[in-house]
Amino acid sequence: MSLTRHLTRGRDLARSAGDHAADVFAPLALIGRGLRRHTDWAKARWAATPKERRGPTLLVGAAVLLGVFLLPHGPLLAIVALVASAAWVGRTPKSPAEPVPDAADVKLPALYAALTPYFGGYDDPGALYRVDGEWKAAFSEWAFDPDGRLAALEIAYPAYFTDTEPAARTRIEQVVQGKAGRSREYRFDWDEETNRLRVTALAPLPADVVAQRFVTAPGEIVLGFTDEAGSRRTIPVEQGGVTEQQPPVVWRVGPRSAEPHLLALGAPGHGTSTLLRSIALQALPHGDLVVVDGASTGEHACLVNRPGVHTVETSLHGALAALEWCARETERRLVALNAARHHGLAAPADVTRPLWILLDRLTELSELARAEGRTDPQELLEVPLRHGRAARVTVVFADALEARDRISPTVRNCTRTRVVLGPVNAESGPAALGGPLDIAPAAHTPPGRGYARIGAAAPVRLQVPVTVDPLDEDAPGPLRDAVVALLPHRDARAAAAAAPAPAPVLAEVVEPAPVGLVKDPAGGVTGEMAGEMAGELAGDLAGEPAAPVSFGGSHVHKM
């Protein structure tokens, strides 16, 4: 046997012997520790006894010992009592559990120290924030959740702090979020009149609302869902197999909408294409769609050949043809609507049905067009953007957040309904929304999470409904089935197809007839009458041919 094995075996035997010895001598150690404590107690009592009383004390002690010795079995009982007492006193008492420190006493002093360099006045001897200051003088109200995380806090700051400058505010918000935890969102309410900053931690939004039919009025689109502070209404939604009331972010479109167009920006993989699919599913029952997929990712292939979908284009040639048709269609609708108003008649059904132009990553086709020396597709959006509200044409422009500088000024100026998805910082968030963001974003956001701003209103939090691509085999089956159930099918519009469709508007100019204008049985204007009105107002811009229009190989039928 080698020396190493001898040493190892000897070490194991010594360890085992030591463990057994500790078990055997544990009672003796316990009694010895108790006798030592008795001795220490006796010494302390003797030292505390005055000198004039020590003699009588010794006499009484000797008398007690003598009495015990004279009793039957007295010495044995005295020894047993002494051993029992030593065993009881010698036991190791359980140390009391240390009290859990108050979360405020641990976290708020650290936050106070972090804010001191920014709020402290080094020339002010009575500054609210100083190195040796008291944090309770600066923080008046605070609250923590059951997990010990900061839930609410009211911070007082000096009057000389520049709370009107966005850069100064952002610096303070970053410090507070860093000390309170970057995994959550925080709302910052700056009260400039009283020099108070109220910080509130926001609860996460529900991320399990799938695509479904929402209870909305015609012309209302649910962009997603927010918290109670962001919406004054709730709608029933199917969530986790039960019906819940959730506050929606509702975008109103149509001729009476103040903000008829939308610009959505986001980080890759955070839901801009999902938002477009959600809008398309809500718009299809009441309108027609033209979809341009500039990235050619196939995210919108599920809309191909669906009733109400004019075309889904992925090439530059098809996108240019589709957008040119949209521009001409907007002009035709304007002419027909003006003619109907001029003669006091109801507008034709083919010009009152909403037309949606959904654009995904169009800036990529713009770069390709500039490289080939062709027309920028964004230039063709000027007419639908400027006159879309009157013509019932809505443009939804979705692109990457880093492509914001490549979006044309016309698109940015006419799309005042803004959505930004994915992680943003203090600069990209307000720039994408077109206004200040009083919410500090979380460090990590799930897909579909972001913020929405409709017009000049304050930004609100947003969670887009889960609307997966039904052709994506990696997506869960129930989510794909939910989207397929909302897609229109041919048989779903059989009744509409069987109904008499309005006569197509003639391309040529029709000479005015000497007879008076009459209304058709449905209350609208007939095709010949629309041609007469268009001839009076705009000549050959009166209409489009009723034959299919080819966009890069796709056939689009005029409604």
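The model is predicted, so a few ground rules apply: local features need pLDDT of at least 70, side-chain atom pairs count only at pLDDT 80 or more, and totals for chains, interfaces and linings use all residues. Residues are numbered from 1 along each chain as its sequence is written, and side-chain values use heavy atoms, with hydrogens and water left out.

Overall figures, then. The protein has 15 helices and 19 strands; these are DSSP runs numbered from the N terminus, helices being H or I with at least four residues and strands E with at least two. Of its 559 residues, 43% count as buried. Buried means under 20% relative accessible area, exposed over 50%, and partly exposed in between, with a 1.4 Å probe and protein chains only. Among contacts (heavy atoms within 4.5 Å) with a separation of 6 or more, 66% are between residues 24 or more positions apart.

Now the sheet. Five strands form an open sheet in the order β1-β2-β4-β3-β15, with antiparallel pairing. The edges are β1, residues 139-144, and β15, residues 439-440; each has a single partner strand, so one side of each lacks a neighbour in the sheet. Pairing requires at least two bridges found by DSSP. Between β3 (residues 185-191) and β4 (residues 196-202) there are seven bridges, in the antiparallel sense. Tryptophan 190 has leucine 197 in β4 as its bridge partner.

Which strands does helix α4 touch? Helix α4, residues 103-119, packs on the sheet against β1 and β2 (150-156), and its direction makes about 135 degrees with that of β1. Helix α5, residues 166-180, also packs on the sheet, touching β2, β3, β4 and β15, and its direction makes about 135 degrees with that of β3. For these angles, axes are lines fitted to C-alpha atoms, for helices over the stretch in contact, and angles run from 0 to 180 degrees between N-to-C directions.

Is threonine 49 buried or exposed? Threonine 49 sits in the loop between α1 (3-48) and α2 (54-70), and at 18% relative accessibility it counts as buried. Leaving aside neighbours within four places in sequence, threonine 49 contacts Arg54 and Thr57.

Valine 24 lies in helix α1 and, at 55% relative accessibility, counts as exposed.
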